[in-house]
Amino acid sequence: HHDVIMTLGGGIDFMTREPFPSPEAMVAQAAKAPQRRLVLAPLMHGAAQWQVLGALFGGHTCILYEPHSFDADLAWELVCQE
């Protein structure tokens, strides 16, 4: 679990490449710049899972894309809305 949080969950400051000293420090850093992430891949896909987990670990917001097939126009509409 430590490796997942530190490498994929935001436990490393990607600007300095230094690990956060504690989970509290990680959350404090994330609170400074909250993000909204548009998840385009299906949730069963690893790309979506790690994006969602990284956002949740950092206290960010995920916007889920729901169509059964990819629609670029709809994806850009969501970007503009969010």
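Reply: Helices (H or I, at least four residues) and strands (E, at least two) are DSSP runs, numbered from the N terminus. Trp-50 lies in helix H3. This is a predicted model, where local features need pLDDT of at least 70, side-chain atom pairs count only at pLDDT 80 or more, and totals for chains, interfaces and linings use all residues. Residues are numbered from 1 along each chain as its sequence is written, and side-chain values use heavy atoms, with hydrogens and water left out.

Me: What makes up the secondary structure of the protein chain?

Reply: The chain has 4 helices and 4 strands. Along the sequence they follow the pattern α-β-β-α-β-α-β-α.

Me: How do you know how confident the predictor is in the protein chain?

Reply: Look at pLDDT, the predictor's confidence in each residue, from 0 to 100. The chain averages 82, and 94% of the residues score at least 70. Among the elements, helix H1 (residues 2–8) has the lowest mean pLDDT, 70, and H4 the highest, 91. Where pLDDT is low, the predicted coordinates should not be read in detail.

Me: Why is Trp-50 called partly exposed?

Reply: Buried means under 20% relative accessible area, exposed means over 50%, and partly exposed is in between (1.4 Å probe, protein chains only). Trp-50 has 34% relative accessibility, so it counts as partly exposed.

Me: And what makes the nonpolar surface patch?

Reply: Val-4, Trp-50, Leu-53 and Leu-56 make it, and it covers about 330 Å². Patches are made of residues with over 30% relative accessible area and no salt bridge; like charges are joined within 9 Å, nonpolar side chains (Val, Leu, Ile, Met, Phe, Trp, Tyr) within 5 Å. Areas come from the Shrake-Rupley method with a 1.4 Å probe; for residues, only the protein chains shown count as cover. Helix H3 (residues 46–57) gives the most to this patch, with 3 residues.

Me: Why is the pair Arg-36 and Glu-82 called a salt bridge?

Reply: The label needs a side-chain nitrogen of Lys or Arg within 4 Å of a carboxyl oxygen of Asp or Glu. For Arg-36 and Glu-82, the closest N and O atoms are 2.2 Å apart, so the pair is a salt bridge. The two sit in distant parts of the chain, 46 residues apart: Arg-36 is in strand S3 (residues 36–39), and Glu-82 is in the segment after helix H4 (72–81). The structure holds 1 salt bridge. Side chains of opposite charge can pair when their charged atoms come close.

Me: Are its partners buried or exposed, or in between?

Reply: In between: Arg-36 is partly exposed at 48% relative accessible area, and Glu-82 is partly exposed too, at 41%.

Me: Why is His-60 called buried?

Reply: Its relative accessible area is 12%, which is under 20%, so His-60 is buried. You'll find His-60 in the loop between H3 and strand S4 (61–64).

Me: What is His-60 in contact with?

Reply: Contact means heavy atoms within 4.5 Å. Leaving aside neighbours within four places in sequence, His-60 is in contact with Ala-30, Ala-33, Pro-34, Gln-35, Arg-37, Gly-54 and Ala-55. A polar atom of the His-60 side chain also lies 2.9 Å from the backbone nitrogen of Gln-35.

Me: How much of the protein chain is buried?

Reply: Buried residues make up 22% of the 82 residues.

Key. A polar contact is a pair of N or O atoms within 3.5 Å; within protein, one must be able to donate a hydrogen and the other to accept it, and residues adjacent in sequence count only if both atoms are side-chain atoms.
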